[in-house]
Amino acid sequence: MTSTVVLLVEAVAGAFACHVWRESLESIGRPQSVLGLSAPFVVALVAIAALVVSAVVVAPLLAGAGWLGRRCSGREAWWWVPVSAAAVTAVAVAAGGLAGKPGYGAATAVWGVGTVVLAVPALIARGLLPGRPRLSDRSVVGALALWGTLAVVTAWAVAGAALEAGVAYEPPRLDEARVAGTWSDGRGGTLTFGSDGRATAHRVEVHAFTGDVEPVVRRCTGTGTWWYRSGDEPWSQSVHVAVEGCALEPWGVYGSPEHPKIFVYAGAPDVADVYVLRKEDGR
């Protein structure tokens, strides 16, 4: 029970941290509020996972730590718990490394985080924190309810503040001068925007949605005009192209200030498949 609650608190706090990290990465979608992570079904799934980890990993880890203490030093000691957690996590990281071959830094970070995640609930569940007397079950549950709630609320507040402070990704702000030039898909398709408002398309993909799972794709070549709409914010800016015989959708903007990109959806918008053009000179 105790370790399950601690694991649940750790999982929720970790979800907030992961959400902030994901929102800081380059994407075509507007950042989402951390409130979206508080859906009841997500919490329920996390609670089930915490219960399973508590029973399958934490409980055996505690038993193993106690056995090692009695075997090696004649008595149980609190520090055998993090040692056992480190060993269990090392085995898991090694097994994952054989499958995915992560970098040394990433593997070390996962090992360190995994060790803490397992050791903390195990130590609290066993009442083996150094210098602390053993607490009654009621005291432990009360403390967990208080400090667990505080930890979750604090993690939520910090994540929300980080997103509001500008940690979340935002597309670069363009203008007519920055749009002008040649944009390429890297496969022979290019769009050239002239400073005079003329546009030249060469084998640019056009995706027609007919109701099937996969859109019909054809290559467009021709000349026409273009114009840029700044919108009220970076997310609402767009580049519009009119080429005779080509049904070109408005292009959204993402990428970075140094390497801007424009895109249109190449599949259903809810699956976020996109067709991307990158500016050839990168400016």
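Author: Start with the whole chain. The secondary structure comes to 6 helices and 8 strands. Both kinds of element are DSSP runs, numbered from the N terminus: helices are H or I with at least four residues, strands are E with at least two. From the N terminus on, the order is α-α-α-α-α-α-β-β-β-β-β-β-β-β.

A word on the source. This is a predicted model, in which local features need pLDDT of at least 70 and side-chain atom pairs count only at pLDDT 80 or more, while totals for chains, interfaces and linings use all residues. Residues are numbered from 1 along each chain as its sequence is written, and side-chain values use heavy atoms, with hydrogens and water left out.

Now the sheet. The 8 strands form an open sheet, in the order β5-β4-β3-β2-β1-β8-β7-β6, and the pairing is antiparallel. Two strands pair if DSSP finds at least two bridges between them. β5 and β6 are the edge strands, and each pairs on one side only. From one strand to the next, the twist averages 40 degrees. Such angles run from 0 to 180 degrees between N-to-C directions, and the axes are lines fitted to C-alpha atoms, for helices over the stretch in contact. In a regular strand, side chains alternate between the two faces of the sheet.

β4 and β5 run antiparallel and are joined by 6 bridges. Glycine 224 stands opposite valine 243 in β5. Is β5 enclosed or open? It is largely enclosed by the rest of the structure, because 5 of its 6 residues are buried. Buried means under 20% relative accessible area, exposed means over 50%, and partly exposed lies in between (1.4 Å probe, protein chains only). Across the chain, buried residues make up 36% of the 283 residues.

A disulfide is a covalent bond between the sulfur atoms of two cysteines. Here the cut-off is a pair of cysteine sulfur atoms within 2.5 Å. The structure holds 1 disulfide. It joins cysteine 220 to cysteine 246, with 1.5 Å from S to S. Cysteine 220 lies in strand β4 (residues 216–229), and cysteine 246 lies in the loop between β5 (238–243) and β6 (252–255), so the bond ties together parts that are 26 residues apart in sequence. The torsion about the S-S bond is about 95 degrees, so the disulfide is right-handed. Cysteine 220 and cysteine 246 are both buried. Now take two other cysteines. Cysteine 18 counts as partly exposed because its relative accessibility is 36%. Cysteine 72 is exposed, with a relative accessible area of 52%.

Next come the charges. Side chains of opposite charge can pair when their charged atoms come close. A salt bridge here is a side-chain nitrogen of Lys or Arg within 4 Å of a carboxyl oxygen of Asp or Glu. The structure holds 4 salt bridges.

Take aspartate 185. Its side chain meets that of arginine 219 in a salt bridge (3.1 Å, N to O). The pair links distant parts of the chain: aspartate 185 sits in the loop between β1 (181–184) and β2 (190–193), arginine 219 in strand β4, 34 residues apart. Aspartate 185 counts as buried because its relative accessibility is 7%. Arginine 219 is partly exposed, at a relative accessible area of 27%.

Then glutamate 205. It forms a salt bridge with arginine 187, and the closest N and O atoms are 2.8 Å apart. Glutamate 205 lies in strand β3 (residues 198–208) and arginine 187 in the loop between β1 and β2, so this pair ties together parts that are 18 residues apart in sequence. At 13% relative accessibility, glutamate 205 counts as buried. Its side chain also meets that of arginine 219 in a salt bridge (3.4 Å, N to O). That pair connects strand β3, with glutamate 205, to strand β4, with arginine 219, 14 residues apart.

Salt bridges that share partners join Asp185, Arg187, Glu205 and Arg219 into one network.
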